[in-house]
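This report looks at how two protein chains meet. Please view the model first.

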Amino acid sequence: MPNAALEEAFAPFVGQDFGPPEIARDPVNEAMIRQWCDAMGDANPIHWDAEAAAKTHHGGIVAPPTMLQAWILPGVRLADPDRPPSDKQEELHALFNQHGYTGVVATDCEFEFERYLRVGDRVTAKATIESISEEKATALGIGYFVVTRTRFENQDGELVGSMVFRVLKFKPSQPPQQASSGDAAPAKPQRIPAPRGHDNGWWWEALDRGELMIQKCSQCGTLRHPPRPMCHACRSVDWEEQPSAGTGSVHSYVIMHHPPVPGYDFPVAVALVDLDEGTRIVANVVDCPFEDIHIGMKVECSIEELGGVKLPVFRATS
Amino acid sequence: MSITLKDQAAIVGIGQTEFSKNSGRSDLQLACEAVSAAIDDAGIEPSDVDGMTTFSMDLTDDIEVARAVGIGSLTFQSQIPHGGGAALGVLHQAAMAVATGAAKYVVCYRDLNGRSGQRYSEGVSGDLITSDSIHWSWYIPSGLMTPTSWVALVTQRYMHDTGTTSADLAQVAVSTRKHAVTNPNAIFYERPITLEDHQGSRMIVDPLRLYDCCLETDGACACIVTTPERARDLAQKPALIRGVAQGSGADQESMTSFYRDDITALPELGIVANQIYAQSGLTPDDIDAAILYDAFTSIVLFQLEAYGFCKRGEAKDFVKNGNIEVGGRLPVNTHGGQLSEAYIHGMNGVNEGVRLIRGTSVNQPEKSDHVLVTAGVGVPSSAMILGKMD
Amino acid sequence: MSQSRRLGDVKVGDALPDLDVELTAAIIVGGAIASRDFTPVHHDRSAANAAGMSDVFMNILTTNGYLSRFVTDWAGPDAALAKVAIRLGTPNTPGDTMQLRGEVTAVDPEGGTVDIAVAAKNSWGDHATGTVTVALPK
Ligand SMILES: [Zn+2]
């Protein structure tokens, strides 16, 4: 259900300027350019070597074009968490916050450049709230995409470039994480590990030791995978582990493209492998160009950590 | 004709495990042992069992028990909600099933590590290891974690075995979309696609592209069932259920029956098909239109073969030349299907099946005396044949 | 870098030299300050933690700065950027590596421009993907 009260309240914002045009505090200058180039490791001489720059079609020192917005950002003032909304965009975000759409994430950014700024130029920026989408369901939560456009002009009123930003203002689908202590460990997303119960834990523990196992009925010798507690052939609940040689062939396979899942680094190949012992197993195929994978391809297993989880992986048999 | 349950069913075997404070084994194993003991007590074989019923609160899926115990095909499955209230509910299900012929031997079971596992006295905890969570864990760590991926793995093998191509799958997408284009209720109303659009759409899980996948939708569908006698007196032209059945195949997993000799065979569909044709006395030749569950294009091909409209591997030819469009041999998914009308887990297809019998579909074929309506593919499945009342 | 690439030397499918950036707090904070973006999550770890992140993360202007540098490293000093359009993804945090990759996807001999598909990956996935259009001397 779209939020009618919110939609009514934000409608007047569409098409509005953030406020009066913003004029850069400082003209384009070599010091700020050099600081930018240092930070980005940018060795392009057009930004700092007057002589070399003069020999290019730029004709002299010019500012890095993607630095455009830096000329008008307010600096340290941005760090004050309690400052009141100072322009229409911030008012709009405050409105979303009031309605519970507290999350914000930038999704797209587009710069177009008409001319390069030269030392001494002074930038003026005029920003507009261009559009607000209808309500969308996203992985982060229900929200609205807000598109803003900023036009940058020089002191002569000539268009220097423009910047379009698309942000999602959303209602977080999960409560925000507790602020952790300052020495929080980096939380890299990992693959989802298997829960370990009576019937399957031993198989993953063997993998942890670097061994690929197949469950074998102690009574009749039938092999089975995935593991389960009773032999379907003789109904015995006695079983043992048999190491697999790890060799086999591809029975079928897919290439996972979408949707991306943190920790998995798609695209990845997943195959259903016929092990030479006669059971089948699903696992990744690695180090093989996707177009070379085929049904019947001979593969061999090794046990490796992928996304923080010890897993069997298969490579083409050399 | 009406059926009473009087003298229609009997309990012929019982089995149980020991009772303890810590069984030391899984819920699944407890279920297997009890079911196995009951089978022995009855003096039957696991393969004689063709129906299973349990509590919806049970952590163990019926098909996991079936695989482990060596029970083969199923024609009846049910689960009863609301904790202990289900105890005689499962007996009731079993009695109905055997009385009506839906199954011959129904196992009722319930397993519980109620002391060492989840103790109901401790309230609800979110961290249960169920047979379901273990089932998915054989696939999720490798990244095979979406319905598209599970179907794609079977589709890849099917394409390899039958010479079916992505362009053949495109034919299903394009034909189905044609029906949605004239259906104002369809999400893709008035938005046709071409084979080129399909081939240019992005890869979701190779070999399945975006236009091989249904659209996820918000919505709901419902229908009312009553006896034929009552139906005669009501406002609408009734759609008579000529046959309806469930089916679970041997070695069934939910979406991932990857351990059968032929992973593309999908025997559960054949089990359903045989029952509904036998019940109705009809054959595939009698079916005028079909609502085939189409979460993905490829599964439409699987069903055309399983429900007997063409031979194994020939579905790619069957879907060509408008053959599954209105005017063709078998109009399929005249509402636009789940690929193009809406994805309501097959229930929008039930309603379209009824419209076809009433003659009120926006894409009404000339003849629609018998309509096949099917359910999900790759899982224990079900289907029905609708017909007209005399 | 003194040599500029010419339009005639470029063809569709050409790959740009890989650029791997070992991310440090200095790079992330330095980029934020150079772009005058003092939003706390880019320089203050406790603010980043409060936002659910393990550490400070790179601001968007720095990402754009690196992408444009990645392209002009290849294109040379006579090149002029015309457009940088990116979709934003996973955050860049200290200790990770940003891998910049690019491939020429279009050459417009009349307009004198080249389109380059760019991708910045980190260990979480795609940090940024998109297209950079650059004018090259003929
Ligand atoms: Zn055995």
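The sections below cover the model, chain A and the interface of chain C and chain A.

## The model

This is a predicted model, in which local features need pLDDT of at least 70, side-chain atom pairs count only at pLDDT 80 or more, and totals for chains, interfaces and linings use all residues. Residues are numbered from 1 along each chain as its sequence is written, chains are lettered from A and ligands numbered from 1 in the order in which they are written, and side-chain values use heavy atoms, with hydrogens and water left out.

## Chain A

Chain A has 5 helices and 14 strands (DSSP runs, numbered from the N terminus: H or I of at least four residues for helices, E of at least two for strands). Of its 318 residues, 47% are buried, meaning under 20% relative accessible area with a 1.4 Å probe, protein chains only.

## The interface

Chain C gives 42 residues to the contact and chain A gives 54, where contact means heavy atoms within 4.5 Å. About 3,900 Å² is buried between the two chains, 55% of it from carbon and sulfur atoms; this is the accessible area (1.4 Å probe) lost on putting the two parts together, summed over both.

The rule finds 3 salt bridges across the interface (a side-chain nitrogen of Lys or Arg within 4 Å of a carboxyl oxygen of Asp or Glu). One of them joins Asp265(A) and Lys121(C), at 3.7 Å from N to O.

## Paired strands

Strand 2 of chain A (residues 103-113) pairs with strand 2 of chain C in the antiparallel sense over 5 bridges; pairing requires at least two bridges found by DSSP. In strand 2 of chain C, Ile86(C) stands opposite Cys109(A).

Methods: Buried means under 20% relative accessible area, exposed over 50%, partly exposed in between (1.4 Å probe, protein chains only).
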